[in-house]
Amino acid sequence: MADNNGFLLRIITPDRVFYEGQVDMVEFNTTEGEVGILPGHIPMTVIIKPGILNISEAEGERIAALHAGFAEILPEGVTILAEIVEWPSEIDENRAVAAKERAEERLHNKTQETDVARAETALLRAMARIQVLK
């Protein structure tokens, strides 16, 4: 329920409950742009685009790399069903940099449209991982 103590945020992946707790605000990227959710937000559903997940808790700020999924936003809480979401401690920086370079190379060589879309998504995911580490 929405109140002065924020709202419930649940982030679920296929293999674990990534996060569950009371938050003051959550921000992430959607296919329509970046959204910031506060208690009492109007109901809506959104498609997640790769980027940074910012969680504002009473204890401070937390960030993670959020790659894809859907979010259900209700006045009393937010549920994110994510394909992949990672805390900074779970990210291998060398692997993320290598993935970014591979995606940029694929975009540079643009051979097929489907290749371009996959490369763009791979680039966004790699950039989110790298940004979370900074």
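This is a predicted model: local features need pLDDT of at least 70, side-chain atom pairs count only at pLDDT 80 or more; totals for chains, interfaces and linings use all residues.

Reader: How many aromatic pairs does the structure hold, and how is a pair of aromatic rings described?

Author: A pair of rings is described by how far apart the centres are and by the angle between the planes. Here there are 2 aromatic pairs. In one of them, Phe18 and Trp87 have ring centres 4.4 Å apart and planes at 20 degrees, and because planes under 30 degrees apart count as stacked, this pair is stacked. The pair links distant parts of the chain, since Phe18 belongs to strand E2 while Trp87 sits in the loop between E8 and helix H1 (93-109), 69 residues apart.

Reader: Are Phe18 and Trp87 buried or exposed?

Author: A residue under 20% relative accessible area is called buried. Phe18, with a relative accessible area of 7%, is therefore buried, and Trp87 counts as buried at 13%.

Reader: What kind of pair do Tyr19 and Trp87 make?

Author: The ring centres of Tyr19 and Trp87 are 6.4 Å apart and their planes stand at 65 degrees, so this pair is edge-to-face. Tyr19 lies in strand E2 and Trp87 in the loop between E8 and H1, so the pair ties together parts that are 68 residues apart in sequence. Tyr19 is buried, as is Trp87.

Reader: Which residue lies over the face of Trp87?

Author: That residue is Arg62, which lies over the face of the Trp87 ring at 4.0 Å from the ring centre.

Reader: Turning to the largest nonpolar core, which residues touch the most other members?

Author: The largest nonpolar core has 23 residues, and those touching the most other members are Leu9, Ile11, Val26, Phe28, Leu53, Ile55 and Ile80. Among the elements that give two or more residues to this core are strand E1 (7-13), strand E3 (25-30), strand E6 (51-57) and strand E8 (77-86). Apart from it lies another core, of 7 residues, including Ile52, Ile91, Ala128 and Ile130.

Reader: Which residues is Phe28 in contact with, leaving aside its neighbours within four places in sequence?

Author: With those neighbours left aside, the contacts of Phe28 include Val35, Ile37, Val46, Leu53, Leu66 and Ile80. Val35 itself lies in strand E4 and is buried, with a relative accessible area of 15%. Not counting residues up to four places away in sequence, Val35 touches Val26, Glu27, Phe28 and Thr30.

Reader: Where is Val23 found, and what does Val23 touch?

Author: Val23 is found in strand E2, where it is buried with a relative accessible area of 0%. Once residues up to four places away in sequence are set aside, Val23 touches Asn5, Gly6, Phe7, Leu9, Ile55, Ser56 and Glu57. Val23 and Gly60 are 37 residues apart in sequence, and their C-alpha atoms are 9.7 Å apart in space.

Reader: How much space lies in the largest pocket, and which residues are the closest to its centre?

Author: Empty space is found by rolling a probe the size of a water molecule over the atoms. The largest pocket holds about 300 Å³ of space. It is lined by 14 residues, of which Arg95, Ala96, Ala99, Arg102 and Arg129 are the closest to its centre. H1 and helix H2 (113-133) each supply at least two residues of this lining, and H1 gives the most, with 6 residues.

Methods. Residues are numbered from 1 along each chain as its sequence is written. Side-chain values use heavy atoms; hydrogens and water are left out. A nonpolar core is a set of buried Ala, Val, Leu, Ile, Met, Phe, Trp, Tyr and Cys residues joined through side-chain atoms within 4.5 Å. Buried means under 20% relative accessible area, exposed over 50%, partly exposed in between (1.4 Å probe, protein chains only). Helices (H or I, at least four residues) and strands (E, at least two) are DSSP runs, numbered from the N terminus. Contact means heavy atoms within 4.5 Å. Rings of Phe, Tyr and Trp (its six-membered ring) pair if their centres lie within 6.5 Å; planes under 30 degrees apart count as stacked, over 60 as edge-to-face and the rest as tilted. A charge sits over a ring if NZ of Lys or CZ of Arg is within 6 Å of the ring centre and within 35 degrees of the ring normal. On a 1 Å grid over the protein atoms alone, a cavity is a set of points where a 1.4 Å probe fits but cannot get out, and a pocket is an open set with protein on both sides within 12 Å along at least five of seven lines; lining residues have an atom within 4 Å of a point. Grid points are joined across faces, edges and corners, and a volume is the space filled by probe spheres set on the points.
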